[in-house]
Each structure stands twice: as C-alpha cells, then as structure tokens.
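Dear colleague,

I am handing over the structure we spoke about, and below it I set out what was found in it. Please read the notes with the structure open beside them.

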Amino acid sequence: MIDNNVEKRIVALHERLVYLKDIFAGKHADDVNLLDDRLTSFRQRLKEEEVSDPYSDIASVEDLFSYVERKLDSSITPMDKVRIVRHPQRICLRDILENVYDTFTEVGGQDEYSLDPSMLIARAVITRHRGKKTYHQPVMVIGQEKGHGAEFRNGGSVKPWGNAKAMQFMRVAETEGIPIHSYVFTPGSFPIEDYPGAAQQIAKNIYGMAGLRVPVIAIISEGGSGGAEAISLADRRLMLSHGYYSVISPEGAAAIEGHLKSGMRATPELIEHCAENLHITAADNLSFGYIDRIIHEPPLGARPWHFDFFRTLRQEVIRATDEVIIQTRLLPVLKTLARNRHTRPNADLEGLYIHWGLSAAAKKRLVAKRQKKFLGLSKQAACDHRPWHAKVLENLSDCISKPWISFKYDFYRKHQRKIQTFMEEIDNEWETFKHRILSPWRKFRRDIEKKNTKQGEELTALSVWTKDSRRKKWNYLSPRYKIDQTLTCPNSADYGCLDLWGPDLFGEFAGVCSYCGYHFPMEPEWYVRNVFDRDSVMEFNSEIEAGNPLAFPDFASRIAKAQERNGTRSGCMTFEARISNIKIIVAMLMGTFRGGSVGAAEGYKFVEAAERATKKRYPFLAYVHGTAGMRIQEGTHALIQMPRCTVAVRRYIEAGGLYMVLYDTNSFAGPVASFLGCSPYQFAVRSSNLGFAGPGVIKETTGIDIPPRYHRSTEALSRGHIQGIWDRRQIRANLKQALRTIGGRNLYYR
Amino acid sequence: MLNISELLDQIKAQPFREIEITTPHTGVLTFAGLALGDQVQGPQGQWKEKRGTLIATLERERNPKPICALEKGEICALHTELEGKFVQANTPVATIRHMLTREEVEHIILKKTLYLFRAPERAKYYFTPEVDKKIHAQDEHSVKVRDGMELFIMSRMKREVHLPYTGPKGLIYTVYFKYNENIDAGAPLIGICTQEQLPAIEEVIMRIKTEWTGR
C-alpha cells in the first residue's frame with residue numbers, strides 16, 4: 001500500500017519531468033532520461049514493496065531532480081524561455097493574486113463568465129504592519145490570464161473588448177487614486193477588427209496609460225508585442241527572469257525571415273535562430289533600458305508550488321510601488337532617505353509603510369516623469385548623424401524662438417482679436433468696392449481669353465502624350481507614366497472596368513481608375529510634391545539613419561539596399577510644409593522603405609517632429625504612405641517606439657495641438673496600434689487597407705477565414721475606426737478644409 | 001404537360017455542361033501547359049476569392065491577364081494552335097466539361113417545372129398568419145394558391161403591405177425566402193406546381209437524391 005503523501009510527491013515529480021521534456025523539446029535527452037529512469041525504478045520498487053524507507057528514497061530522487069534542474073537552468077536558450085512561459089504549468093495571474101496579495105475580489109468577470117476571460121481584473125489588497133499598526137493598501141490588478149492552459153482563456157490572447165475593459169478599470173483606479181499592478185502574460189493580442197478593433201483599442205490603452213495619474217507597475221512574464229504594450233506603459237517595468245519581451249513571436253519572425261506563405265511552417269532551427277537574434281530575454285531588455293529590474297525565478301521558471309518566489313515577487317512589487325511614490329516627493333533629503341531604506345537588499349518592505357496616495361501636484365510630477373522616461377528610451381539604437389554644430393544651432397534657435405512664440409501666441413494674439421476684427425471689416429468693405437469698380441474690366445478680359453482658346457486644335461491634333469498639357473495639373477508625375485503599358489483594375493471583375501493606359505493612369509488620372517475609382521498605389525514623392533504648396537517642403541532630421549542595433553544577421557545590407565533604392569536614410573521623412581500658406585509639420589512613413597516598418601530611427605524622427613510641432617505650434621500630420629508594422633529585426637528597440645511615440649503625441653495634443661493621421665495603401669500592426677490609432681482625427685485615402693494583422697496572420701492565430709476586403713478603409717469607416725475617406729486628388733483640398741474646420745482659428749489651439 | 005421523367009432521362013444522357021472559355025479582348029495567347037483531359041478547378045474559398053486553375057495568359061500592351069477556369073471540370077477542347085499568336089476578342093481558348101452535381105440537376109428540373117413567384121421590390125416577406133399557421137402545422141405542400149389570393153405581407157421600413165399572389169393555380173412546392181431577411185427585387189419567393197405534378201416531381205427529386213452520386 002503506497003502512502004498518500006509519497007504518491008502525491010511522485011505525481012509532483014512526474015509533472016516536473018513532463019515539464020522538463022516539454023520545455024527542452026528533445027534537447028538534454030541524457031539528463032531527462034536519467035530522471036525518467038530514476039523515477040520509474042523508484043515507482044517500480046515501491047510497487048513491488050522493495051523500498052524500506054520511501055520518504056528518504058523519494059527525498060533523494062527529489063534532490064536529483066533539483067540538481068539537474070539547476071544544472072540545466074544555466075544552459076537555457078531564449079527559445080526554451082519561450083516554451084517555459086507558454087507552458088500550462090507556468091504560474092498564472094490567479095496564482096499571483098492568491099499568493100502575492102492578501103485578499104482580492106475579481107471585478108472583471110469570473111472564469112468563462114466574462115466579457116473576455118483572457119483579461120483578468122481584480123481589486124486586491126496588500127497588508128503591511130508598522131509596529132502595532134496595520135495598513136491595508138488597495139491596488140487594481142490587471143493582466144492577461146492564461147489559466148494553466150484552460151481553453152476559454154485563449155492563451156492570454158486578449159480580444160479588443162478585453163483591452164477596453166482593462167482601460168475602463170484603469171480609469172476606475174485613477175478615480176480612486178490607487179496604484180495599478182499590471183501583469184503581462186500574453187503572446188499577443190487577438191487580431192480581429194470588430195469594434196473597438198484590436199489596433200485601435202491598444203492605441204487607446206497606450207494613449208490613456210501615458211497620462212494615468214496613479215502609479216503603474218508592470219510585471220512582464222510573456223510580453224508579446226502589441227498585446228503586452230496595451231497594459232505595460234508603466235512607471236516601473238519589472239520582468240521575470242525566465243520571461244520574454246519581444247516585438248514578435250519567434251515563430252512569426254521565422255515566417256517573415258523564411259518568406260513563408262500561409263500554411264507553411266518554419267523549421268525549428270530557424271525559429272531558434274530568430275529567438276536568439278531578437279534579444280528577447282530579461283537580461284537583454286535590462287541592458288537596453290526597456291525594463292527596470294529583473295525578478296529572479298527558481299531554476300527553469302516559476303511554477304505554482306514555488307512559494308518562495310511569490311514572496312520575492314510580493315517584495316519586488318511593493319518596492320517598485322514605493323519607489324514610484326518616493327520619486328514624486330519634492331524634499332530631496334526625505335526622498336534620499338526613503339529611497340536608501342527601500343533599495344537595501346535585505347529591507348523588510350512589509351514593515352516600511354508608505355502611503356500610496358498622491359497629491360495633485362505629485363500626480364503631475366508622476367505623469368511628467370513617466371513620459372520623460374519613455375521619451376528618453378532607445379535613442380542609442382538609431383544612428384544620429386546630425387553634426388554637433390547643427391544640434392547646437394538648433395538648441396540656440398530654440399532658446400530664441402521659444403520666448404518669441406510664447407509672446408506671439410500667449411500674449412499678442414489675445415489682444416489682437418479686436419483689431420483683427422476691425423481690420424477684417426474694413427477689408428471686406430474694400431473688396432466689395434474694388435469688385436464693383438473693376439467688374440467691367442474683368443468681363444472684357446474674360447471675353448478676350450475665350451476667343452484665344454484653341455479648342456479646335458485640341459480636338460483635331462494628334463495625341464502627344466509626353467507633352468500633354470492635361471498632365472500639368474500635377475507638380476509631380478509617377479515615373480510609371482512614361483511606360484507605354486496598360487493596366488487592369490483589380491475591381492474589373494466586379495465593375496467591368498476597362499484596361500487603363502499607364503501614361504493616362506499615372507499621369508492625368510493620378511493613379512485612379514476612371515471607371516470605378518480604385519486607387520492604385522503611388523510613390524511617396526507624389527504626395528510630397530502634389531499635396532503641399534510648391535517649394536514649401538523643408539525636410540529636417542534627414543541625417544537620422546536606420547541601423548541594425550541588434551546586429552541581426554544579414555540585415556545591415558538589406559537596410560543599405562533600401563536606403564539606396566529610396567534615396568533616404570530611414571523609412572520616415574519629417575518635414576515642414578505649407579498648404580495654401582497654412583504651415584504644418586508632417587511625418588511621413590514611406591511604404592517603399594522596408595514596407596514602411598518603424599524602427600528606432602523612424603520613432604526618433606517621429607518624436608522629434610511632434611516636439612517641433614509643439615515648439616512651433618503648428619498642426620501635425622502623420623501621413624502614412626504605408627506601414628507593415630514595427631521593424632522586427634530591431635526587436636524591442638522597435639517595439640518600444642509604440643509607447644514612446646504615443647507619449648510624444650499625447651504631450652503634443654495636451655499642449656493644444658491638432659494631430660491628424662492620413663492612411664494610404666496598407667497600414668498595419670504596431671504603428672496603427674499606437675501613435676497612429678490614438679489620433680482623434682484619422683482619415684484614409686480611398687482603396688487603402690488598415691488594421692492590426694493581415695489576413696494570413698489572422699488565419700494562423702485565430703483559425704478564422706476572413707472575407708476579402710476585410711481591411712478596406714470602407715470597412716474601417718463602418719467600424720468607426722476612422723473618420724473619413726478621401727479621394728487622392730482631393731487630399732490637398734480636404735486637408736485644407738480639415739485644418740480650417742478642425743484646427744479652428746489658430747490651427748493649433750483648441 | 002412537361003414530362004419530368006423524360007427530362008431527367010435527357011439530363012442523364014448528357015450529364016454535363018460544356019463551358020467555352022473565350023478571350024475577353026485581343027492579345028497574344030500563352031497557354032499554361034494544360035493538356036486535354038486534365039482536371040481543372042473553378043473559383044474556390046468561402047467567398048470564391050481564390051481564382052480557378054490558370055488555363056492561359058492573354059497579353060495586350062504589356063499587360064498579361066490570366067484566363068482561368070470558371071467551373072470545376074475536365075478540359076475537353078484546348079486550342080493550343082493559338083499558342084503565341086495574336087487573337088481577336090471572343091476567340092475560344094478551351095472548353096471545360098463540367099459534370100452536373102445533384103443540386104444542379106435538381107435546380108434544372110425545378111426551374112423547368114415550377115412557376116416562380118418573384119419579389120416585386122426589395123423588402124422582407126412573410127406569409128399571412130393563416131398560411132403561416134398551415135405551413136407550420138403541416139408543410140408548404142398543403143397550401144393551395146390561386147390567382148389573387150392574399151398570401152404575403154411585404155414589410156419595408158415598418159411599412160407593411162398585403163401582397164396577393166398572381167399566377168397559375170397550384171401548390172407551394174418550395175419556399176425560397178427566410179424569416180426576417182431582406183429579399184432583392186426579382187428574387188423568387190415561392191415555387192408553384194400543379195396538384196397533378198406534385199407526385200411526379202417528388203419522385204424525380206427522390207430519384208436524383210438516391211441515384212445521382214459521384215458526379
């Protein structure tokens with residue numbers, strides 16, 4: 001008869017063995033077999049009642065397990081870590097709620113009876129004792145719940161409404177003035193467009209978190225791309241030592257690197273190679289500065305029976321929250337004393353009570369610090385080739401222009417209103433008078449012009465298409481207009497569009513099918529030259545160059561090729577321009593430069609452009625010629641641009657700026673799910689597509705077949721993601737109209 | 001009266017439909033390497049979003065255009081003599097022999113035997129309460145219709161109008177519309193057959209269901 005306790009310990013050992021086999025996926029077979037043999041022989045001997053002292057024997061087997069686990073822990077690879085965090089035995093958020101917090105109440109639904117069971121929200125309490133006094137400190141715990149493989153949890157892949165629910169309770173925490181602890185356990189967001197839309201909701205979350213007036217602590221176990229960013233813009237970011245934080249899953253990266261088509265699977269070697277080169281581990285992210293601290297886990301990762309780990313986690317979470325509170329204090333002496341007490345490794349944080357409420361001024365300092373922290377990240381990952389004297393000159397000009405702009409907008413404009421109104425009235429009267437006086441002369445001129453038109457010649461002359469005056473209405477023509485070729489409209493099967501002659505299509509028609517209005521993609525230059533006033537475009541920061549910060553194999557040459565082909569150093573062009581004399585700052589993501597992917601350099605330029613717009617008080621337009629997402633080969637250097645650029649946009653909008661986004665061709669993933677999707681005014685050019693993930697990725701991750709045109713701008717408009725669709729030939733007029741109507745009198749101030 | 005069994009025998013004698021693929025316009029033809037007797041697929045996918053098998057490419061003004069199979073079937077004629085030649089619009093490129101499926105045969109027979117009463121405008125259609133009760137209690141075959149009979153309620157934007165049936169006297173054989181769904185103008189609402197035809201149609205449909213296999 002086997003003792004119940006021994007039986008339980010055998011089951012636990014068996015689970016540890018299964019875990020080992022799963023996370024190493026066939027590697028370290030010798031060690032795994034050794035453990036398997038020892039456990040099997042022990043069970044056999046126990047069955048045959050050959051064991052005299054089962055307690056001592058099983059203890060020695062347990063010791064052997066621990067020894068092997070410790071040994072294997074030192075040789076763990078990034079891909080092993082990916083398997084660890086996805087394993088059903090991995091700790092999940094409910095384990096943390098039960099073991100780290102003293103008590104909790106779930107407020108976002110229960111188990112499968114929830115708007116989205118993969119997003120768990122709870123009000124929890126941490127109890128601390130100082131002397132004889134007891135303090136209950138409430139927190140809002142938000143995070144993805146994987147539920148030890150429970151199917152309804154969807155592996156922690158949160159649907160858009162789950163993220164909306166998280167945002168709703170973040171606002172509740174803000175109202176109540178309690179800290180937020182967010183736990184990131186997600187392989188990525190569930191990529192569907194149903195309202196509120198995966199991308200748009202993540203963007204709203206990031207935008208909201210950039211200004212939350214309560215301390216936010218994020219703890220990352222599995223930080224998969226946009227899904228992680230939706231709840232992790234925090235004052236302190238802690239990471240579990242066996243977790244990963246990455247711009248894309250290694251499998252996704254392998255599919256892109258291997259140029260795999262839908263349905264094809266990447267080889268394990270390629271996936272391992274990508275995991276290695278994406279630098280996704282906690283140590284990597286700490287060295288980049290994207291996380292603040294690593295919480296060390298037991299060998300081969302924390303599982304629900306590692307109670308010591310939960311104690312460590314509790315200490316670290318309390319320490320991080322206290323630190324955030326301390327950093328908002330004003331008095332330097334008290335601040336230093338408190339910080340020193342808390343940073344001591346052996347400090348008993350349970351006994352060091354700090355009130356987690358903040359005054360109104362402290363809340364402002366907290367938000368400012370969080371924003372500053374994110375704005376300062378990843379600059380080292382972009383190659384800034386601006387000469388030092390240019391930077392000095394720019395700073396000097398800032399010193400002069402800042403007071404001038406402040407005087408102009410804050411003082412002069414206010415007092416000039418009355419004079420302007422008076423002058424306008426005088427001007428109106430003068431124009432009416434002038435019109436009456438000059439109207440006979442204007443009529444005479446019109447008649448002469450009519451006589452001089454060469455209508456007859458136009459109708460009878462042979463077509464000389466390269467010199468055709470009809471094309472002169474555009475300042476720039478696509479080079480494709482010189483190719484004598486016909487093209488078929490993709491809608492020809494539905495609308496019966498006839499073939500279009502290239503010189504007409506890319507010349508006079510501006511790439512628009514004259515039968516159905518389908519918009520063929522045009523080059524970024526077409527917009528730069530045709531939308532804005534002639535010779536008004538002044539590019540800045542062109543010296544900031546896209547690089548290869550992770551030294552991703554073969555990537556430097558690919559970037560160099562893209563630079564050579566496009567004649568630009570990065571995929572983002574930032575410039576000042578005018579539309580009918582309205583000054584505007586534009587950041588243009590170019591779909592021709594590595595699919596318009598956003599890396600550290602592009603993010604850097606975008607942030608600089610937003611800051612320039614704030615300084616100069618100009619409207620800010622993000623024109624997205626095309627973007628495929630964040631640049632995966634730059635890993636978290638690219639991913640961090642999501643919160644970083646959103647912070648810049650939030651600061652600009654809060655300063656009173658008008659931020660507009662115009663999507664063209666194809667816009668997907670990270671940028672849409674952050675600094676583009678957060679704009680209150682988003683428009684799209686006709687025939688463009690926008691969304692979170694492409695059809696292949698949706699099929700791969702959700703198994704759902706999506707209908708054709710699922711991502712079309714018309715669909716996005718129906719779902720409420722964008723505010724309007726513009727014809728390409730009308731962009732200039734529409735932009736002018738939007739600037740006048742949305743921007744108001746001063747085009748900047750609300 | 002139409003002899004339904006004879007019609008079925010006719011279909012059985014030639015259980016396929018030949019689809020001629022022609023060029024949509026002028027151009028130079030290049031065949032995709034198919035041979036006589038090869039099987040081809042029509043457009044596939046839930047929304048027919050995947051093109052059928054490529055038969056040839058027609059190039060005009062440096063604009064190659066694929067010519068694909070429109071139905072599943074077998075190539076029974078292929079004009080490979082046109083390879084590399086400039087052809088006129090509507091020139092036959094290939095012929096596909098498409099074996100009729102059970103549903104298609106049913107459709108052909110019902111189309112020839114039933115009188116279809118069509119929707120006069122886009123709206124939601126319901127049977128009048130008496131007819132609806134009768135259909136629920138027994139089946140649609142139990143409803144006898146005659147010219148001028150009040151049969152439908154046409155509902156559009158909360159406007160409800162009685163719609164009388166117009167056409168020959170008979171029984172409702174099949175109902176094509178669903179509850180609470182908008183029906184386009186011109187789409188069939190019901191199929192009517194005469195009392196005498198009903199057993200014959202039912203028998204033929206049963207025969208198709210049991211005999212028409214593997215086509």
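In this predicted model, the centres of domain 2 of chain A and domain 4 of chain A, taken over C-alpha atoms, are separated by 28 Å. These two belong to a domain assignment of chain A that gives domain 1 (4–75), domain 2 (85–375), domain 3 (479–519) and domain 4 (524–743).

**Domain 2 against domain 4**

Between the two domains, 44 residues of domain 2 of chain A are in contact with 44 residues of domain 4 of chain A. The area buried between domain 2 of chain A and domain 4 of chain A comes to about 4,000 Å², and carbon and sulfur atoms give 67% of it. Of the area that domain 2 of chain A buries against domain 4 of chain A, A:Glu193, A:Tyr207 and A:Leu375 supply 20%, which is more than any other three residues.

Across the same interface of domain 2 of chain A and domain 4 of chain A, 13 residue pairs are found in polar contact, with both residues at pLDDT 80 or more.

Several elements supply at least two residues each to the side of domain 2 of chain A that touches domain 4 of chain A, among them helix 7 (198–209), strand 6 (236–246), helix 10 (268–277) and helix 14 (360–375) of chain A. Helix 7 of chain A gives the most to this side of domain 2, with eight residues. Sorted by class, the side of domain 2 of chain A that touches domain 4 of chain A has 23 nonpolar, 15 polar and six charged residues.

Helix 10 of chain A is followed by A:His279, whose phi is positive, near 55 degrees.

Is A:Glu174 buried or exposed? A:Glu174, which lies in helix 6 (residues 160–176) of chain A, has a relative accessibility of 12% and therefore counts as buried, the cut-off being under 20%. Leaving aside its neighbours within four places in sequence, A:Glu174 is in contact with A:Gly211, A:Leu212, A:Arg213 and A:Val214. A polar atom of the side chain of A:Glu174 lies 3.0 Å from the backbone nitrogen of A:Arg213.

**Chain A against chain B**

Where the two chains meet, eleven residues of chain A are in contact with nine residues of chain B. Chain A and chain B bury about 820 Å² between them, with 46% of it on carbon and sulfur atoms. A:Thr486, A:Asp499 and A:Pro708 supply 44% of the area that chain A buries against chain B, more than any other three residues.

Two salt bridges are found across the interface of chain A and chain B. A:Asp499 also forms a salt bridge with B:Arg60, the closest N and O atoms being 3.1 Å apart. Nine residue pairs are in polar contact across the interface of chain A and chain B, again with both residues at pLDDT 80 or more. By class, the side of chain A that touches chain B has five nonpolar, three polar and three charged residues.

With best wishes

Notes: Residues numbered from 1 in each chain as written. Chains lettered and ligands numbered in written order. Predicted model: local features only at pLDDT ≥ 70, side-chain atom pairs only at ≥ 80, totals over all residues. Heavy atoms only, no water. Domains from an automatic or database assignment. Contact = heavy atoms within 4.5 Å. Buried area = accessible area lost by both parts, 1.4 Å probe. Polar contact = N/O pair within 3.5 Å; in protein donor to acceptor, adjacent residues only side chain to side chain. Helix = DSSP H or I, 4+ residues; strand = E, 2+ residues; numbered from the N terminus. Nonpolar A, V, L, I, M, F, W, Y, C, P; charged D, E, K, R; others polar. Salt bridge = Lys/Arg side-chain N within 4 Å of Asp/Glu carboxyl O. Buried < 20%, exposed > 50% of the residue type's maximum accessible area, 1.4 Å probe, protein only.
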